[in-house]
Amino acid sequence: MFVLVSYDVKTEDGDGRRRLRRIAKACRDYGQRVQYSVFECIVDPAQWTKLRARLLREMNSEEDSLRFYFLGSNWQRRVEHVGAKPALDLEGPLVI
Amino acid sequence: MKHYLNTLYVTTQGAYLAKDGECVLVRVEGEDRLRLPIHGLGGIVCFGQVSCSPFLLGHCAENGVGVSFLTERGRFLARVQGPVSGNVLLRREQYRRADDPAASAAAARCLLTGKIANCRAVLLRTARDHEDKVNAGALRGAAERLTDCGRRLDPGLPLDVLRGIEGEAGNAYFEVFDHLLTNQKEEFRFSGRSRRPPLDRINCLLSFFYVLLAHDVRSALESVGLDPAVGFLHRDRPGRPGLALDLMEEFRPVLADRLALSLVNLGQVQARGFRVEENGAVRMDDDTRKAVLVAYQKRKQEEMRHPFLDEKAPLGLMPYLQALLFARWLRGDLDGYPPFLWR
């Protein structure tokens, strides 16, 4: 399935910046960065459970916010991109 | 059902692959070109001068991602394999059957049935769809000879006889293979299989697809816990993935031959995309190779119904499903191995 993860982390102190880094890293392990704090992840339910648990562990629910959008497995029709930095289709042919 | 995992092909010379967290990082000239989570990958194929960090190789082994190294021109060099996993009982049963002439012949017979039926389907399909452009009579004639070969595959025949029939079927098929071309006929004339090196453009395409297919089939076999080296139709030879070659037979016409033909017929590859070297060997240039890889990946994503399991799946998953059925036959859950029949 396709999950869009976006986050807002309060980075006023060093601890916040640490959380931001670690949350970004967790997302990067499972998905593709499409904008600064937006990741597209193609995961199966088990992987999603892992990623979600990891994100919740890293965040501080008093100060940060996380949003998950579930776009299912037929996500191709539901995403449109305009402008610079088009995302790579991870399920398409990968030849570099 | 198993999710169809993507394969990463790296053809950029000088690229370096490294592990970055759970991702594969592709670096070219010090610049990060691509970062892919390893979960979505089923295999990595490196062409020519591409290097991999040991940590990435270890990580791939752990996650069951097959890594193959090929020369720039697509000749197979090596493959990195993690610790042997899977069911030892299954593998032992595979060795036992491969040692038993009668059981090997029974397996070979099923595999050949699939191969011959699929070759025949390819010929008949073209004869039907392009009645006006091709010599349909010749194609139908060859298909008839294949039907005849298929009929002679009686149970209980020894391996030698089966191989004789395979040879005959192969001849009948490749004799009319040239008639399957409807476009660029002059540039892509086919006059028999040649390999190491391929001597014409069609052979160059075919050989390249067979290498890619072998990589995929081998990964499929390993993922169900079978030993790709111990074959039934192809006997043991050091360094040769016998079972992978066996299982490939039924996929060659469908996944490789037909794809090579449609690339030529639709003009997606051009004659000028190939170079002829002094010794007569024909090579693809870089752009053609990339286009061919993309076409192969796209083809694998097309969905079709599996003839035996009656489930819809991408074509790229079919080798996995066949490997699974093969394992079931070895375990005794199935009385025979049901080959992959394309319609």
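Me: Where is B:Gln94 placed in chain B?
Reply: B:Gln94 sits in helix 2 (residues 88-99) of chain B; helices are DSSP runs of H or I with at least four residues, strands are runs of E with at least two, and both are numbered from the N terminus. This is a predicted model, where local features need pLDDT of at least 70, side-chain atom pairs count only at pLDDT 80 or more, and totals for chains, interfaces and linings use all residues. Residues are numbered from 1 along each chain as its sequence is written, chains are lettered from A and ligands numbered from 1 in the order written, and side-chain values use heavy atoms, with hydrogens and water left out.

Me: Is B:Gln94 buried or exposed, and why?
Reply: B:Gln94 is buried because its relative accessibility is 0%; buried means under 20% relative accessible area, exposed over 50%, partly exposed in between (1.4 Å probe, protein chains only).

Me: Switching to the interface. How many residues does each chain put into the contact?
Reply: Chain B gives 26 residues and chain A gives 13, with contact meaning heavy atoms within 4.5 Å.

Me: Which salt bridge is there?
Reply: A:Arg28 and B:Asp20 form one through their side chains, at 3.1 Å, N to O.

Key:
A salt bridge is a side-chain nitrogen of Lys or Arg within 4 Å of a carboxyl oxygen of Asp or Glu.
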